[in-house]
Amino acid sequence: SIWTRLVGGGDACALHRSEHPSLATCEVCMNVFGSRKGRSEGAVEHVEGALRSIEGSSLFVRVMPEVSVNVAYAPDGARSAEDVVAIPGRIVRVRGQARSFMRPEYGASTHLAAILLEVARMHPDLRAAMNLRYDERMSQVLARLRVRRLTMGRSYPTDRQDKVLEAMRERLSRPGGDSAFEAVVDLGGEGVEPS
């Protein structure tokens, strides 16, 4: 059962693909041994496509936060983190490149999935999220691209398990024009990196 979970869940794929690059799109073990019942067609592939673009970029490391990067995709009907596809272990910096050591899978994120699901309540058309570094350069880029932002941070509820999520919920519940945003900017605070 351990072996079936490893090959069926895609955990052995990165090692196998590193030895045999021609297997970059192989899914035989996951299709034969994995459990994909009730899963949205193409959701994992959406995140894999994003991951290929990220890993293929020599510049992406410049926008990676210290806490690393994750990408989350919520297919239509997603209600919980188990319904959201993300990258286990995140995307990390290795020798100046962005790398993931595991294949995207359902339920691989709790924090980013929760953020995405909360945003999707207001914007059901938004299906994907990625966390990036937020600094002065990113602020200028967002302004230049005219990206509408929901800004929060600096202080967080201290009695909550996910204080960033709770701060965002609090910010979204305030009256005013907060519904028209394309990016959530967390200015950071004590123990929280700006992103």
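This report describes salt bridges and a surface patch in a predicted model.

## Basis

In this predicted model, local features need pLDDT of at least 70 and side-chain atom pairs count only at pLDDT 80 or more, while totals for chains, interfaces and linings use all residues. Residues are numbered from 1 along each chain as its sequence is written, and side-chain values use heavy atoms, with hydrogens and water left out.

## Salt bridges

The whole structure contains six salt bridges (a side-chain nitrogen of Lys or Arg within 4 Å of a carboxyl oxygen of Asp or Glu). One of them joins arginine 103 to glutamate 48 at 2.8 Å, N to O. This pair links distant parts of the chain, 55 residues apart: arginine 103 is in the loop between β4 (97-99) and β5 (105-106), and glutamate 48 is in helix α4 (residues 43-56). Helices (H or I, at least four residues) and strands (E, at least two) are DSSP runs, numbered from the N terminus.

Arginine 103 counts as buried because its relative accessibility is 6%; glutamate 48 is likewise buried, at 12%. Buried means under 20% relative accessible area, exposed over 50%, and partly exposed in between (1.4 Å probe, protein chains only).

## A linked network

Glu118, Arg121, Glu166 and Arg169 are linked in a network of salt bridges. Within helix α5 (residues 111-122), arginine 121 and glutamate 118 are separated by about one helical turn because they are three residues apart; their side chains meet at 3.9 Å, N to O. Arginine 121 is exposed at 64%, whereas glutamate 118 is buried at 10%.

Glutamate 166 and arginine 169 meet at 2.7 Å, N to O, and both lie in helix α7 (residues 163-173).
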